[in-house]
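Hello,

Please look it over, then read the notes below.

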Amino acid sequence: MVIKVFLATSSGSTAIKKKQQDVVAFLEALKVEYAQLDIACNEQNRMWMRQNVPEEKKPSNGIPLPPQIFNEESYCGDYETFFDAKEDNAVYSFLGLAAPPGSKEAMQADEEQHIVENGTHADESNEEGAADDSIEVPEGDRNGDAHGEAEEGEGVEADELAEPEENEATEGDEEVEETGHAEEDGEQEEEDLQSEEEEELRQLEDEEEADVEEEGEEFLEETREEVAE
(Lines give C-alpha, C1' and ligand atoms only; values in the text may rest on other atoms or scores of the structure.)
Protein backbone atom coordinates (compact mmCIF):
# COMPACT_ATOMS: atom_id res chain seq x y z
CA MET A 1 0.00 0.00 0.00
CA VAL A 2 1.26 3.43 -0.96
CA ILE A 3 0.43 6.61 0.90
CA LYS A 4 -0.40 9.43 -1.48
CA VAL A 5 0.05 13.05 -0.43
CA PHE A 6 -1.46 15.61 -2.78
CA LEU A 7 0.54 18.86 -2.68
CA ALA A 8 0.74 22.19 -4.46
CA THR A 9 4.44 22.82 -5.01
CA SER A 10 3.90 26.29 -6.43
CA SER A 11 1.29 27.47 -3.93
CA GLY A 12 1.46 31.14 -2.99
CA SER A 13 -0.02 30.47 0.47
CA THR A 14 2.56 30.33 3.25
CA ALA A 15 0.08 28.44 5.51
CA ILE A 16 -0.47 25.71 2.89
CA LYS A 17 3.30 25.35 2.34
CA LYS A 18 3.88 25.02 6.10
CA LYS A 19 1.18 22.34 6.44
CA GLN A 20 2.57 20.34 3.51
CA GLN A 21 6.09 20.48 4.98
CA ASP A 22 4.82 19.25 8.38
CA VAL A 23 3.08 16.23 6.85
CA VAL A 24 6.00 15.21 4.66
CA ALA A 25 8.57 15.70 7.47
CA PHE A 26 6.58 13.56 9.88
CA LEU A 27 6.08 10.75 7.37
CA GLU A 28 9.81 10.74 6.70
CA ALA A 29 10.54 10.66 10.45
CA LEU A 30 8.30 7.59 10.74
CA LYS A 31 9.97 6.08 7.69
CA VAL A 32 6.61 5.63 6.01
CA GLU A 33 6.74 5.18 2.25
CA TYR A 34 4.69 7.84 0.46
CA ALA A 35 4.30 9.47 -2.94
CA GLN A 36 3.96 13.21 -3.55
CA LEU A 37 1.39 14.15 -6.19
CA ASP A 38 1.51 17.77 -7.37
CA ILE A 39 -1.86 19.34 -8.19
CA ALA A 40 -0.41 22.70 -9.27
CA CYS A 41 1.38 21.31 -12.32
CA ASN A 42 -0.82 18.26 -12.99
CA GLU A 43 -4.48 18.85 -13.81
CA GLN A 44 -5.23 15.14 -13.65
CA ASN A 45 -3.95 14.90 -10.06
CA ARG A 46 -6.01 17.95 -9.08
CA MET A 47 -9.21 16.54 -10.62
CA TRP A 48 -8.64 13.10 -9.05
CA MET A 49 -8.08 14.65 -5.58
CA ARG A 50 -11.22 16.81 -5.80
CA GLN A 51 -13.35 13.90 -6.98
CA ASN A 52 -12.19 11.45 -4.28
CA VAL A 53 -12.39 13.67 -1.22
CA PRO A 54 -15.75 12.76 0.43
CA GLU A 55 -18.41 15.41 0.14
CA GLU A 56 -18.79 15.69 3.95
CA LYS A 57 -15.04 16.41 4.22
CA LYS A 58 -15.02 19.21 1.66
CA PRO A 59 -15.16 22.90 2.74
CA SER A 60 -18.25 25.02 2.19
CA ASN A 61 -17.03 26.16 -1.26
CA GLY A 62 -16.63 22.51 -2.34
CA ILE A 63 -12.92 22.83 -3.24
CA PRO A 64 -10.55 20.89 -0.91
CA LEU A 65 -7.14 22.44 -0.34
CA PRO A 66 -3.82 20.57 -0.07
CA PRO A 67 -2.42 18.69 1.65
CA GLN A 68 -4.87 15.77 1.20
CA ILE A 69 -3.76 12.27 2.20
CA PHE A 70 -4.88 8.92 0.72
CA ASN A 71 -3.94 5.27 1.20
CA GLU A 72 -4.15 4.08 -2.39
CA GLU A 73 -7.77 4.91 -3.27
CA SER A 74 -8.96 5.29 0.37
CA TYR A 75 -9.25 8.75 1.80
CA CYS A 76 -7.35 9.32 5.06
CA GLY A 77 -7.88 13.02 5.75
CA ASP A 78 -6.54 16.54 5.50
CA TYR A 79 -3.93 18.37 7.56
CA GLU A 80 -6.23 18.98 10.56
CA THR A 81 -7.20 15.32 10.96
CA PHE A 82 -3.57 14.28 10.38
CA PHE A 83 -2.45 16.66 13.13
CA ASP A 84 -5.10 15.31 15.55
CA ALA A 85 -3.92 11.73 14.88
CA LYS A 86 -0.35 12.84 15.53
CA GLU A 87 -1.32 14.33 18.89
CA ASP A 88 -3.14 11.09 19.84
CA ASN A 89 -0.23 8.80 18.77
CA ALA A 90 -2.54 7.30 16.15
CA VAL A 91 -0.88 8.25 12.84
CA TYR A 92 -0.54 4.63 11.65
CA SER A 93 -4.20 4.03 12.32
CA PHE A 94 -5.01 7.28 10.51
CA LEU A 95 -3.01 6.12 7.49
CA GLY A 96 -4.57 2.64 7.56
CA LEU A 97 -1.22 0.98 8.37
CA ALA A 98 -0.17 -1.49 11.05
CA ALA A 99 1.90 0.14 13.76
CA PRO A 100 5.41 -1.36 13.93
CA PRO A 101 6.31 -3.26 17.12
CA GLY A 102 7.84 -1.05 19.79
CA SER A 103 6.19 2.14 18.56
CA LYS A 104 4.12 4.21 20.96
CA GLU A 105 1.00 3.47 18.97
CA ALA A 106 1.63 -0.29 19.07
CA MET A 107 2.23 -0.27 22.85
CA GLN A 108 -0.87 1.83 23.39
CA ALA A 109 -2.91 -0.61 21.28
CA ASP A 110 -1.54 -3.55 23.33
CA GLU A 111 -2.51 -1.84 26.58
CA GLU A 112 -6.02 -1.18 25.32
CA GLN A 113 -6.36 -4.79 24.19
CA HIS A 114 -5.12 -5.99 27.58
CA ILE A 115 -7.68 -3.81 29.34
CA VAL A 116 -10.46 -5.12 27.11
CA GLU A 117 -9.45 -8.74 27.74
CA ASN A 118 -9.25 -8.22 31.49
CA GLY A 119 -12.61 -6.52 31.44
CA THR A 120 -14.11 -9.46 29.55
CA HIS A 121 -12.65 -11.96 32.03
CA ALA A 122 -13.92 -9.87 34.92
CA ASP A 123 -17.40 -9.76 33.40
CA GLU A 124 -17.36 -13.54 32.92
CA SER A 125 -16.28 -14.04 36.55
CA ASN A 126 -19.04 -11.74 37.75
CA GLU A 127 -21.59 -13.66 35.68
CA GLU A 128 -20.38 -16.96 37.17
CA GLY A 129 -20.58 -15.50 40.65
CA ALA A 130 -24.08 -14.26 39.97
CA ALA A 131 -25.07 -17.72 38.74
CA ASP A 132 -23.76 -19.27 41.97
CA ASP A 133 -25.70 -16.76 44.01
CA SER A 134 -28.86 -17.60 42.10
CA ILE A 135 -28.94 -21.14 43.64
CA GLU A 136 -31.77 -21.19 46.15
CA VAL A 137 -30.87 -22.10 49.72
CA PRO A 138 -33.47 -22.88 52.42
CA GLU A 139 -34.07 -19.93 54.68
CA GLY A 140 -33.04 -21.81 57.80
CA ASP A 141 -29.74 -22.91 56.23
CA ARG A 142 -29.20 -19.55 54.60
CA ASN A 143 -29.09 -17.60 57.84
CA GLY A 144 -27.75 -20.43 60.06
CA ASP A 145 -27.15 -19.41 63.65
CA ALA A 146 -28.17 -15.87 62.84
CA HIS A 147 -31.74 -17.04 62.28
CA GLY A 148 -31.85 -18.78 65.66
CA GLU A 149 -30.28 -15.76 67.34
CA ALA A 150 -32.89 -13.56 65.70
CA GLU A 151 -35.68 -15.76 67.11
CA GLU A 152 -34.08 -15.67 70.58
CA GLY A 153 -33.74 -11.91 70.25
CA GLU A 154 -37.42 -11.65 69.39
CA GLY A 155 -38.29 -13.78 72.47
CA VAL A 156 -36.16 -11.55 74.70
CA GLU A 157 -37.76 -8.46 73.25
CA ALA A 158 -41.23 -9.93 73.87
CA ASP A 159 -40.28 -10.66 77.51
CA GLU A 160 -38.89 -7.17 77.92
CA LEU A 161 -42.07 -5.71 76.48
CA ALA A 162 -44.19 -7.89 78.79
CA GLU A 163 -42.24 -6.84 81.93
CA PRO A 164 -43.09 -3.15 81.59
CA GLU A 165 -46.77 -4.10 81.18
CA GLU A 166 -46.66 -6.15 84.38
CA ASN A 167 -44.85 -3.33 86.16
CA GLU A 168 -47.42 -0.86 84.91
CA ALA A 169 -50.25 -3.13 86.16
CA THR A 170 -48.58 -3.43 89.59
CA GLU A 171 -48.04 0.30 89.78
CA GLY A 172 -51.70 0.81 88.83
CA ASP A 173 -52.85 -1.50 91.64
CA GLU A 174 -50.62 0.30 94.10
CA GLU A 175 -52.02 3.64 93.00
CA VAL A 176 -55.59 2.35 93.42
CA GLU A 177 -54.70 0.99 96.85
CA GLU A 178 -53.11 4.26 97.90
CA THR A 179 -56.16 6.13 96.59
CA GLY A 180 -58.43 3.86 98.67
CA HIS A 181 -56.35 4.47 101.78
CA ALA A 182 -56.39 8.19 101.11
CA GLU A 183 -60.17 8.17 100.79
CA GLU A 184 -60.52 6.15 104.03
CA ASP A 185 -58.19 8.56 105.81
CA GLY A 186 -60.20 11.50 104.48
CA GLU A 187 -63.46 9.99 105.74
CA GLN A 188 -61.89 9.28 109.09
CA GLU A 189 -60.68 12.88 109.35
CA GLU A 190 -64.16 14.15 108.49
CA GLU A 191 -65.68 11.92 111.18
CA ASP A 192 -63.11 13.15 113.70
CA LEU A 193 -63.88 16.77 112.80
CA GLN A 194 -67.59 16.17 113.18
CA SER A 195 -67.02 14.57 116.59
CA GLU A 196 -64.90 17.49 117.70
CA GLU A 197 -67.50 20.01 116.49
CA GLU A 198 -70.30 18.13 118.26
CA GLU A 199 -68.26 18.03 121.44
CA GLU A 200 -67.60 21.76 121.27
CA LEU A 201 -71.31 22.43 120.69
CA ARG A 202 -72.19 20.37 123.74
CA GLN A 203 -69.69 22.25 125.83
CA LEU A 204 -71.07 25.59 124.61
CA GLU A 205 -74.62 24.50 125.35
CA ASP A 206 -73.63 23.35 128.81
CA GLU A 207 -71.83 26.62 129.49
CA GLU A 208 -74.81 28.63 128.24
CA GLU A 209 -77.15 26.63 130.45
CA ALA A 210 -74.86 27.18 133.39
CA ASP A 211 -74.75 30.91 132.71
CA VAL A 212 -78.54 31.05 132.39
CA GLU A 213 -78.93 29.23 135.69
CA GLU A 214 -76.46 31.56 137.39
CA GLU A 215 -78.21 34.61 135.99
CA GLY A 216 -81.60 33.16 137.09
CA GLU A 217 -80.33 32.52 140.61
CA GLU A 218 -78.82 36.03 140.81
CA PHE A 219 -82.08 37.51 139.60
CA LEU A 220 -84.02 35.55 142.16
CA GLU A 221 -81.62 36.58 144.88
CA GLU A 222 -81.93 40.22 144.00
CA THR A 223 -85.72 39.94 143.91
CA ARG A 224 -85.76 38.35 147.37
CA GLU A 225 -83.55 41.12 148.74
CA GLU A 226 -85.80 43.78 147.31
CA VAL A 227 -88.88 42.12 148.79
CA ALA A 228 -87.19 41.81 152.15
CA GLU A 229 -86.48 45.49 152.23
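**Strands and cores**

Val5 stands opposite Ile69 in strand E3 (strands, E, at least two residues, and helices, H or I, at least four, are DSSP runs numbered from the N terminus). This is a predicted model, in which local features need pLDDT of at least 70 and side-chain atom pairs count only at pLDDT 80 or more, while totals for chains, interfaces and linings use all residues. Residues are numbered from 1 along each chain as its sequence is written, and side-chain values use heavy atoms, with hydrogens and water left out.

E1 and E3 run antiparallel, joined by four bridges (strands pair if DSSP finds at least two bridges between them). Four bridges also join E3 to E4 (residues 74-78), again antiparallel. Phe70 has Tyr75 as its bridge partner in E4. E3 and E4 form a hairpin with two residues between them. Glu72, in the turn, has a positive phi of about 55°.

E3 (residues 68-71) is covered on both faces. Gln68 and Phe70 are buried on one side, Ile69 and Asn71 on the other (buried: under 20% relative accessible area, 1.4 Å probe, protein chains only).

The largest nonpolar core has 16 residues (a core is a set of buried Ala, Val, Leu, Ile, Met, Phe, Trp, Tyr and Cys joined through side-chain atoms within 4.5 Å). Those with the most contacts inside it include Leu27, Ile69 and Phe82 (contact: heavy atoms within 4.5 Å). H4 gives the most to this core, four residues. Apart from it lies another core of six residues, among them Phe6 and Ile39.

Best wishes

Methods. Buried < 20%, exposed > 50% of the residue type's maximum accessible area, 1.4 Å probe, protein only.
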